[in-house]
Amino acid sequence: MLEHLAGRARMILALTAATVLALVFLPTLGSRAGASNTGGPIRTVFQILLENESESSAFPGTGTELDKLAQQGVFFTNYFSTGHASLDNYIALVSGQAQYTSTSQDCPYYHDGGGSVDGKGFYQPLTPQDVGCVYPASVKTLADQLGAAGISWRGYMQDMGNTPTRETNPCGQPAIGGVAIDPTVGGLDQTQLATSTDQYAARHNPFPYFHSLVDHSLFGSTSPCQQNVLPLSSLAADLASGHVGAFNFITPNLCNDGHDSPCRGPGADGNPGAGGLISANAFLSQIVPQIEASDVFKKGGMIVITIDEGSGNASCCGESGQPGIQGSGGGGKVGLVALSPRLIPHTSSCQYNHYSLLRTWETVFGLTPQLTGIPGSDGAGHLAHAGDTGVNSMLADVLAGSNTCP
């Protein structure tokens, strides 16, 4: 807690007069985030990402756990993914970078990209067929911003480390013989397919794809990815002790996120042959109450649940990413629900996408250039496409208690 308060104090001291004036018209900010009109700050965020469902099939009128949660929280009907297939969406959520061939093909060969980074922090592939997928250290992420601000973060990845020869634990880098693949050399990612005992997928864990988070040479013996990306089995103890991050990125395994159907191993529903929405909803029925029962959630926590991609290429918000394997455009409408004791349940029809969600966390945690030293693409601290003109923070809409579009 002290590190977050210190980070907030540094931010307040650094704010310009114009920013302070703007904050007057927002709900009062707490130690880590904006306070809602129900009387308290959002202090801790839990982001859960599911797989491969459109908003229409996952949420409204389905009678599933997702449907019930949408009725209990703030439900965004017009929330869009940014591409296909998986990894490019995870990358977008933490860095704002657009899809290109390798990331939209889930990076089967874990290797450095061959492109460059422009003055605004956008990664430019060497060619449209750039086969690399690990971004250079100059490409920054939400984790980099949080770390620079002294605000804690965590990744919780289900099944990570179950088979040590396939992936490292902690961090979850693709491995060969238990040794993390050096992305400057490259190697085949053995986590592309689940096994009966290990359904972890590196491509559903965005943090190992950034040199800024995995390079030992930048940080000494332990990288930020090793320090902060843990197996999901660690979450229960962390919730009990209160030692979760201010921001927590939760990825279920390939069965419980709804990706595989049937699954290679058991799912949360207890049926190894299920998968899809059956296992995803069973997982949510277990993990959401676990988080909601914790003190950190009761004292200002928020759970956000969304989906990496849907069907088709529908997009919003002036998306200008590189073409993916299914053509240019986004990844379809997937929906999003936010749950918190600080929020008033309502439905929003405003348009947002994965870049909007990244911009929201940058707003929630006050990640200004003055605090982090990271200017972002717009000079205001928003990373890559999170700084695009058509991309807006969802915070005011979340807190409003009614449909309030930017």
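**A cavity and the helix beside it**

A search of the whole structure, a predicted model, turns up one cavity of 30 Å³ or more. This largest cavity holds about 60 Å³ of space. Its lining consists of Phe76, Met302, Val304, Leu336, Ala338, Leu357, Thr360, Trp361, Val364, Met394, Leu395 and Val398. By class, 11 of the lining residues are nonpolar and one is polar. No charged residue takes part.

Which element gives the largest share of the lining? Helix α14 does, with four residues. This helix spans residues 354-364. It is mostly covered, with 10 of its 11 residues buried. Leu357, Thr360, Trp361 and Val364 are among the buried residues of α14, and these residues also line the largest cavity.

Now look at the ends of α14. At its start, a side-chain oxygen of Asn353 comes to within 3.0 Å of the backbone nitrogen of Tyr355. After the helix comes Gly366, with a positive phi near 60°.

Elsewhere, turn to Ser233. It sits in the loop between β11 (229-231) and α11 (235-241). Is Ser233 buried or exposed? Ser233 counts as exposed because its relative accessibility is 66%, and the cut-off for exposed is over 50%. Gln158 lies 75 residues from Ser233 in sequence. In space, the two are 7.0 Å apart, C-alpha to C-alpha.

Technical notes: Residues are numbered from 1 along each chain as its sequence is written. This is a predicted model: local features need pLDDT of at least 70, side-chain atom pairs count only at pLDDT 80 or more; totals for chains, interfaces and linings use all residues. Side-chain values use heavy atoms; hydrogens and water are left out. Helices (H or I, at least four residues) and strands (E, at least two) are DSSP runs, numbered from the N terminus. Buried means under 20% relative accessible area, exposed over 50%, partly exposed in between (1.4 Å probe, protein chains only). A polar contact is a pair of N or O atoms within 3.5 Å; within protein, one must be able to donate a hydrogen and the other to accept it, and residues adjacent in sequence count only if both atoms are side-chain atoms. On a 1 Å grid over the protein atoms alone, a cavity is a set of points where a 1.4 Å probe fits but cannot get out, and a pocket is an open set with protein on both sides within 12 Å along at least five of seven lines; lining residues have an atom within 4 Å of a point. Grid points are joined across faces, edges and corners, and a volume is the space filled by probe spheres set on the points. Ala, Val, Leu, Ile, Met, Phe, Trp, Tyr, Cys and Pro count as nonpolar, Asp, Glu, Lys and Arg as charged, and the others, Gly among them, as polar.
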